Amino acid sequence: MEAKEKRSFIIRFIVAIVFISALLSTYFVRYEIENFLNGIFYPEVSSDVTNSELKMHFIDVGNADAIAIEMPNGEHMVIDSGDKNNESRTALINYLNNNFFEAGEERIIDYFVLTHSDADHSGGAEILFQTYEIEKCFRPNQYTPDEAEALGIVDDNQIVKTDVFKNFVKALNNENCEVEFFDVDSDIVEDDFSIDFIAPLEKSFSVKNNYSPVMILTYAGVKTMFTGDAEKEVEKAILNLYDDYTGEYAKSVIDIDILKVGHHGSTTSSTQDFIDAITPSYAVICTDEENNSYEHPSKTILNRLQSSGVKKIYRTDLNGNIIIGVASDGTISASLGTFTIGFKVEWYQLVIVVGGAGLVLIFTVGTKKKLKRRKK
Ligand SMILES: [Zn+2]
């Protein structure tokens, strides 16, 4: 090797080391980079939620619900836990670890709400209890056969025999946290936000979905309604109660801004009367249209929301993980386009592609010319 060539190789080698070190150091901002790139691939990213005091994360866990909320006072609420399959559970825990809890923050869930026993809501509850400290659990008025026997509950509608629900109850008992069977008196009232439980209005339902609570979270004048899988019977009961003329409460109480659409956008829920009464401006649907055999979401419901004045419909299957933020002045913003299920750009993929291309460049630039010159 000529002295000149040797020197050139050493320089290239040093440049390569500096380049690779610089590339690897982006590890510390990997989530920002991933979000930025996924934002380019999914250009619906509308705005930044960093200035929002309230952040509601609708996690992409398949045709299932998992919603994590950062309250303005720093408390954490998780509503439902995704599906029972491994992909959904992994997506939930990865998202909470990487995108919900901040680095160095204690991983405490102050409130966990299980809306009802179905596996697409309770599927990840066991692993959630095993992974995090949970302070308080709101559970539906549903019981395992063992619990029913111990408590003297004989109503079959309230007894759930599935393994996934039994596992939730087992994990809950191991956690030793505060437990509340939610009803309309379960409201949470803090200085700057409140959560109003407006359903369930009964103790027993023949349709399991109807055990779901309907909750209105109010912050900075912005109201978000969470519905679980509550169906039209529940919507009707709410409309009867919140009516300026015939009901017990004013209609304006259920006039909301953001709606978590009931039952994954199925026609069992979101009746025209209900949508007309609550007048949402934004709607979020937790679903996976390609991988479910029900029509979730239904075209009828999508059209109904659109023609009823909803400005924007967000969907976890199209928008990935959705964060809706509310700032202290009531400004609503959304961050979309990071995916936990299906395709998404990840940091390590970027390192392999950029690193590989960079190394090829560093060790080849200029060498071809030399070869040509030598041939002459
Ligand atoms: Zn469901």
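Trainee: Is H263 buried or exposed in this predicted model, and how is that decided?

Mentor: A residue is called buried if 20 or more other C-beta atoms lie within 10 Å of its own. H263 has 27 C-beta neighbours inside 10 Å, and therefore counts as buried. H263 belongs to the loop between β11 (258-260) and α9.

Trainee: What is to be noted about phi of H263?

Mentor: Phi of H263 is near 50 degrees, which is a positive value in a residue other than glycine. T279 also deserves attention: its phi is near 40 degrees, again positive in a residue other than glycine. T279 is located in the loop between α9 and β12 (282-285). With 14 other C-beta atoms within 10 Å, T279 is partly exposed.

Trainee: Where does the peptide bond from A199 to P200 lie, and what is its omega?

Mentor: That bond is cis, with omega near 15 degrees. P200 has its place in the loop between β8 and β9.

Trainee: Which residues does F226 touch?

Mentor: Leaving aside residues up to four places away in sequence, F226 touches I67, I79, M215, L217 and K260. F226 is part of strand β10 (residues 222-226) and is buried, with 27 other C-beta atoms within 10 Å. For a sense of distance, F226 and K166 are 60 residues apart in sequence and 25 Å apart in space, C-alpha to C-alpha.

Trainee: How many bridges join β4 to β5, and how many join β5 to β6?

Mentor: Strand β4 (residues 108-113) is joined to strand β5 (residues 133-139) by five bridges, and the two run parallel. V113 has F138 in β5 as its bridge partner. Strand β5 is also joined to strand β6 (residues 178-181), by four bridges, and this pair too runs parallel. There K136 stands opposite E178 in β6.

Trainee: Finally, how is the protein chain divided into domains, and how far apart are their C-alpha centres?

Mentor: Domain 1 consists of 1-41 + 349-376, and domain 2 covers 42-338. The C-alpha centres of domain 1 and domain 2 lie 47 Å apart.

Definitions and conventions: Residues are numbered from 1 along each chain as its sequence is written. This is a predicted model: local features need pLDDT of at least 70, side-chain atom pairs count only at pLDDT 80 or more; totals for chains, interfaces and linings use all residues. Domain bounds come from an automatic or database domain assignment. Two strands pair if DSSP finds at least two bridges between them. A residue is buried if 20 or more other C-beta atoms lie within 10 Å of its own, exposed if 12 or fewer, and partly exposed in between; C-beta atoms are placed from the backbone. Two residues are in contact if their C-beta atoms, placed from the backbone, lie within 7 Å.
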